Amino acid sequence: MPAVLEETPTGVLQKLGRVVPAADTLVRFAYRTGLVSAISAGLIWFAVFGGAVGTVAMPWGLALATAALLLIPAGAAALVGWTLADLVRLPGQLRQAAITAAGGTVGASRKGSRIASIFRAIWALRGLALGSKDLWVRAVAAVRFVRLASLPFVLALVGLFALNGLVILGGVIALGVLAF
């Protein structure tokens, strides 16, 4: 393995490497919160609108719009989970792509002239850039995510999970109403 890849990553990848273990826990929490919130939203909708759907008082369009409104916090929690899951996988994917590209150039650089080995290395780096284009897009998104980790973004996430908490609490109350 080349010496360049044995060094610790710098910049954004180093920051992501420190965040990844905590982000894995947050991914599971976001998925579970989204699932429980979606189930609770269904319970609330059924408890409040279950018998009245399709009548003049509650047309289907209004009932479906209300269901969609109740599912917004659950969908947002799932979106946070998917974003964090991509963030968790990103450093390993970028590192593997770099190892693959460097592995192809190490064997090739020992054959032929120095100029030919330079061209092979440039061609391998071109292949790395083209082959990992989606990883680079994710890296840019991760940089934006790290940059957004400011107070307003954190407050918005706390608000999102507070809304999920309210929906879950409403689901527990709806379950109690439906049970009795």
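Student: Which residues does Ser40 touch, not counting residues up to four places away in sequence?

Tutor: Contact means heavy atoms within 4.5 Å; leaving out residues up to four places away in sequence, Ser40 touches Val167, Ile168 and Gly171. This is a predicted model, in which local features need pLDDT of at least 70 and side-chain atom pairs count only at pLDDT 80 or more, whereas totals for chains, interfaces and linings use all residues. Residues are numbered from 1 along each chain as its sequence is written, and side-chain values use heavy atoms, with hydrogens and water left out.

Student: Where does Ser40 lie, and is Ser40 buried or exposed?

Tutor: Ser40 lies in helix H2, helices (H or I, at least four residues) and strands (E, at least two) being DSSP runs numbered from the N terminus. Buried means under 20% relative accessible area, exposed over 50%, and partly exposed in between (1.4 Å probe, protein chains only); at 5% relative accessibility, Ser40 therefore counts as buried.

Student: How should I read the contacts and folding pattern of the chain as a whole?

Tutor: The secondary structure comes to 6 helices and 0 strands, so that reading along the sequence gives the pattern α-α-α-α-α-α. Among contacts with a separation of 6 or more, 83% join residues 24 or more positions apart. Of the 180 residues, 28% count as buried.

Student: Which residues make up the largest nonpolar core?

Tutor: A nonpolar core is a set of buried Ala, Val, Leu, Ile, Met, Phe, Trp, Tyr and Cys residues joined through side-chain atoms within 4.5 Å. Here the largest has 11 residues, namely Ala41, Ile44, Trp45, Phe49, Val53, Met58, Ala63, Ala67, Leu70, Val167 and Ala174. H2, helix H3 (60-109) and H6 each supply at least two of its residues, and the largest share, 4 residues, comes from H2. Apart from this core lies another of 9 residues, among them Ala23, Ala30, Val80 and Ala85.

Student: How is an aromatic pair described?

Tutor: A pair of aromatic rings is described by the distance of the centres and the angle of the planes. Rings of Phe, Tyr and Trp (its six-membered ring) pair if their centres lie within 6.5 Å, and planes under 30 degrees apart count as stacked, over 60 as edge-to-face and the rest as tilted. The structure holds 1 such pair, formed by Phe29 and Phe161, which is tilted at 5.4 Å centre to centre with 35° between the planes. Because Phe29 lies in helix H2 (residues 12-49) and Phe161 in helix H6 (residues 151-179), the pair ties together parts that are 132 residues apart in sequence.

Student: What is the accessible surface of the protein chain?

Tutor: Accessible areas come from the Shrake-Rupley method with a 1.4 Å probe, and for residues only the protein chains shown count as cover. The accessible surface of the chain comes to about 11600 Å², of which 73% belongs to carbon and sulfur atoms.
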